[in-house]
Each structure stands twice: as structure tokens, then as C-alpha cells.
Amino acid sequence: MSDESALMSAANMKVDGDRLWDSLMEMAAIGPGVAGGNNRQTLTDADAEGRALFRRWCEEAGMTMGLDRMGNMFMRHEGVEPDLDPVYIGSHLDTQPTGGKYDGVLGVLAGLEVIRSIRDMGLRTRRPIVVANWTNEEGTRFAPAMLASGVFAGVLTEDYANSRTDADGKRFGDELDRIGWRGDEVPGDRKIHAMFEYHIEQGPILEAEGKQIGVVTHGQGLWWLQVTLTGKDAHTGSTPMNMRVNAGLGMARIIEAVDCIAMNHQPNAVGAVGQANVWPNSRNVIPGRAVFTIDFRSPDLEKLTSMRSRLKTEAADIAAELGLGIEIEPVGHFDPVTFDEALVTKVRQAAEQLGYSHMNIVSGAGHDACWIAKVAPTVMIMCPCVDGLSHNEAEEITSDWARAGCDVLLHAVLETAELVR
């Protein structure tokens with residue numbers, strides 16, 4: 001075959017976009033939300049039902065299942081040389097309590113669609129291909145996020161994961177056993193040649209730039225810092241202004257400092273307080289205690305470290321000025337991730353070969369790929385989402401966006417798994 005014929009043949013290799021979309025809609029019927037999205041939280045009965053449907057679809061496509069002790073599902077499509085390390089495609093099926101139909105789910109079902117399309121076209125690869133569903137990526141019911149992929153990558157222990165509890169005091173390990181999705185494999189024992197994760201952007205950049213494909217070069221690092229301020233409860237009407245020890249005021253000033261610190265580290269740095277509580281939380285009592293969590297993120301480790309350092313200094317100064325006690329506890333952290341350069345190039349080349357508009361992008365959210373990158377070459381592909389909205393039942397993408405990213409995934413995976421012609 002000539003080079004020109006080979007290129008023409010490659011350009012004709014496309015997934016079935018309608019089948020992918022139908023699969024997304026059928027999965028979305030499991031654990032429906034109250035406003036058109038999904039509530040399929042990890043290790044619930046709805047999660048178990050979604051897993052069973054995914055398994056059935058995969059087995060109908062000729063795949064076989066592996067299951068580890070964290071409930072991570074590994075659906076294998078055999079290669080011509082079964083002893084070679086497989087190429088993985090992975091994301092998650094669990095959702096936020098008020099989640100959308102695409103976050104995570106797109107990446108899992110796109111992996112299934114890749115295998116279905118390979119079978120339809122009669123293609124073979126030297127390496128096996130495995131589609132993974134990672135347990136508890138969202139971390140909504142059992143904190144932290146990306147829990148089971150973290151165990152797989154060796155950054156968290158099984159005992160730690162099994163001991164996590166939800167708001168009702170139920171343990172992760174007990175709930176995994178209850179729904180019947182704990183396997184026998186030791187997490188992390190599998191070999192991975194490379195892993196691809198396809199995901200909606202969860203931000204507005206691709207849509208605003210009119211690009212179909214995000215070639216993800218980096219993942220942001222993160223610090224979550226929980227701040228506890230201790231002052232004195234007092235009556236709001238009878239306590240003179242100069243005699244107050246107001247934890248709420250201290251929280252307000254630190255929140256403003258967080259915004260200033262992030263702005264001073266531009267570009268590519270963000271910071272905010274998303275969770276905040278005061279006590280006794282009464283309309284006529286000056287707060288004597290405030291607890292809130294700061295979220296700093298950047299793909300630049302130096303900036304991430306600098307933001308944390310500045311916050312500790314400035315928060316301590318604010319607390320001292322107001323006579324408040326202060327404690328700052330790290331409650332979440334991972335360093336920035338640089339995705340594998342060779343895989344990034346393959347994704348970019350696939351987009352170009354297929355004629356899809358694309359741009360480099362940094363993932364603003366954490367994903368399972370961020371942990372797997374510690375143990376294997378890893379890359380992410382993103383498609384736009386309407387108005388950048390995610391973790392919301394109104395989350396939306398188009399079928400054309402979903403298909404374009406899946407086409408790129410197909411070509412990059414075939415290149416990596418080594419298409420046998």
C-alpha cells in the first residue's frame with residue numbers, strides 16, 4: 001500500500017458516534033438525578049447496576065474481566081501477542097450527587113466504543129487493550145478523590161481506602177463488599193504499557209476557542225489547606241467593636257488574601273475557598289470559630305509551593321492582628337503532572353490526521369490519569385463542554401464533540417497498541 005493510500009485508509013477509520021451516544025444515554029438512565037443529570041455515587045446500588053451493564057456490554061464485545069480488591073474493573077481485548085503489556089483506556093463511572101451524564105462516563109464508554117469499532121473493522125493489534133473503570137474517582141461519598149487509582153499507583157494503602165467513611169459512617173470496604181464488586185487481584189500488580197484517559201474539559205476554554213480536541217499536556221497540582229480560626233463567641237449588639245475577637249472577620253480577610261495570592265501568581269494559578277463554616281452560626285452571635293478549606297492549583301510546582309507558603313504567612317499575620325488562634329492543616333495534595341511527551345505527540349498527530357481542530361490544554365481538575373502517570377506513560381484527551389459547566393446536572397456536550405474525541409482516541413490507541421496490517 002502506498003503512503004497516500006495508507007493515509008486515506010487511516011482517515012476512514014472512525015468510531016460509531018451514534019452507538020457511543022446511545023450507550024451514554026442508556027448508562028445515564030441508571031441513577032438518574034432530579035434535574036436531568038445523574039446521582040450514581042460510588043458503591044451505591046446504582047453504581048453496582050452501572051457496573052453490571054458495562055460488564056455485559058464488554059463481554060458482548062468479546063472482552064474478559066479482571067477485578068482487583070479496590071473494585072477497579074479491567075475489561076481486556078486480546079492482542080496478537082498476549083504477553084505484551086497492554087494499552088489501557090480508563091476513567092470512571094461514578095458521579096457527583098448532582099452530577100452530569102458525561103464526566104468520567106464518556107472516557108469509559110469511549111474505551112468500549114474503541115473496542116467495538118476495532119472489531120467492526122476487523123482490525124488487530126499486537127498489544128492487548130484494556131478498558132478500565134476506576135472506583136471512587138469523584139471522592140464525593142468517600143474522600144479523597146481518585147481513591148482506588150491512588151491505591152493502584154501505590155500512593156495510598158488498601159487499609160486507608162477501606163477505612164474511609166461516608167456521611168452515614170459506612171466504610172468504603174464494607175460497601176464494596178455489600179455491592180459485590182470486590183475482586184481478588186492485588187491493586188497495582190498489573191503492567192501498563194500506556195494509559196489514555198478521555199474526558200470532558202470541565203472548563204470553558206475549548207468551546208471559547210472553537211476547538212474540537214484538547215491535547216492535555218499537564219495536570220494541575222493541588223493543595224487543599226483546612227484553616228481553623230478560634231476567637232470568642234459574643235453578642236453582636238452589646239460587644240464593642242474594639243473588643244471583638246471575630247473568627248468570621250478573620251475568615252473573610254483570609255479569603256480575600258487567597259484571591260490576591262492566586263492573582264499575583266498569574267498565569268496558570270488559581271485559588272479559592274469553596275467550603276466554609278462558622279460557629280455557633282447564629283444571627284446575633286459573633287463567630288467564635290471558623291473552619292474553611294482553601295484550594296490552590298497550578299501546573300507549576302514552584303508557583304504551587306509559593307502560594308501555600310504565602311498563605312501560611314499572611315493568614316498568620318491576619319490572625320495575630322485580630323487576636324485569633326489559627327491552625328492550618330493540609331487535607332489534600334498532589335504535585336503537578338507532566339503527561340508523557342510521546343503519547344501527547346500521538347494524540348496531536350491523530351487530531352491532525354483526522355482534520356480536527358485542536359489545542360494544547362492543562363487539566364484544571366484531578367483525574368485518575370494523574371495517579372497512573374506515576375507508574376506508566378499516560379496522557380489525556382479532552383472534548384469541550386457547554387459553558388464549561390461540570391459537576392452539575394446541566395452538564396452538556398454534543399454528540400459530534402464526543403465522537404471527534406473518540407476518533408482521536410481510536411487512532412492514538414491503535415498507534416500505541418501497534419496496529420497489525
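A: Happy to! F142 and F172 are both buried, where buried means under 20% relative accessible area, exposed over 50% and partly exposed in between, with a 1.4 Å probe and protein chains only. Before going on, please note that this is a predicted model, in which local features need pLDDT of at least 70 and side-chain atom pairs count only at pLDDT 80 or more, while totals for chains, interfaces and linings use all residues. Residues are numbered from 1 along each chain as its sequence is written, and side-chain values use heavy atoms, with hydrogens and water left out.

Now to the rings. Rings of Phe, Tyr and Trp (its six-membered ring) pair if their centres lie within 6.5 Å; planes under 30 degrees apart count as stacked, over 60 as edge-to-face and the rest as tilted. That rule gives seven aromatic pairs. For F142 and F172, the ring centres are 5.6 Å apart and the planes meet at 85°, so this pair is edge-to-face. F142 sits in the loop between β5 (129–133) and α5 (147–152) and F172 in helix α7 (residues 172–179), so the pair ties together parts 30 residues apart in sequence. Helices (H or I, at least four residues) and strands (E, at least two) are DSSP runs, numbered from the N terminus.

F334 and W371 make an edge-to-face pair too, with 5.8 Å from centre to centre and 70° between the planes. This pair links distant parts of the chain, since F334 belongs to strand β13 (residues 325–334) and W371 to helix α12 (residues 368–372), 37 residues apart. Both F334 and W371 are buried. Elsewhere, ring pairs link F74, Y88, W134 and F152 into a cluster.

Strand β7 (residues 213–219) is mostly covered, with six of its seven residues buried. Two strands pair if DSSP finds at least two bridges between them. Strand β7 runs parallel to β15 (residues 358–363), joined by six bridges, and H218 stands opposite V362 there. With β16 (residues 378–383), β7 runs antiparallel through three bridges, and G214 faces M382. A further antiparallel partner is β14 (residues 337–338), joined to β7 by two bridges; here H218 stands opposite T338.

Helices are next. Helix α11 (residues 341–354) has 14 residues and reaches 20 Å from its first C-alpha to its last, close to the 20 Å expected at 1.5 Å a residue, the expected span being 1.5 Å times one less than the number of residues. In α11, L343, V344, V347, A350, A351 and L354 are buried. They cover an arc of only 125° around the axis, which puts them on the same side of α11; the arc is that of the directions from the helix axis to the C-beta atoms. At the start of α11, a side-chain oxygen of D340 comes within 3.2 Å of the backbone nitrogen of A342. This uses the polar contact rule: a pair of N or O atoms within 3.5 Å, where within protein one must be able to donate a hydrogen and the other to accept it, and residues adjacent in sequence count only if both atoms are side-chain atoms. Just after α11, G355 takes a positive phi of about 80°.

In helix α2, the buried residues are G17, L20, W21, S23, L24, M27 and A28. Their arc is only 155° around the axis, which puts them on the same side of α2, while D18 and D22 are exposed on the other side. What covers the buried residues includes α3 (45–60), α4 (105–120) and α13 (399–417), with contact meaning heavy atoms within 4.5 Å. D16 caps the N-terminal end of α2, with a side-chain oxygen 3.2 Å from the backbone nitrogen of D18.

Two single residues complete the tour. F296, in strand β12 (residues 289–298), is buried at a relative accessible area of 0%. Leaving aside neighbours within four places in sequence, F296 has contacts including W223, V258, M307 and L311. The C-alpha atoms of F296 and M307 are separated by 7.3 Å, although the two are eleven residues apart along the chain. T125, in strand β4 (residues 124–125), is buried at 3% relative accessible area, and a polar atom of the T125 side chain lies 2.7 Å from the backbone oxygen of R127.
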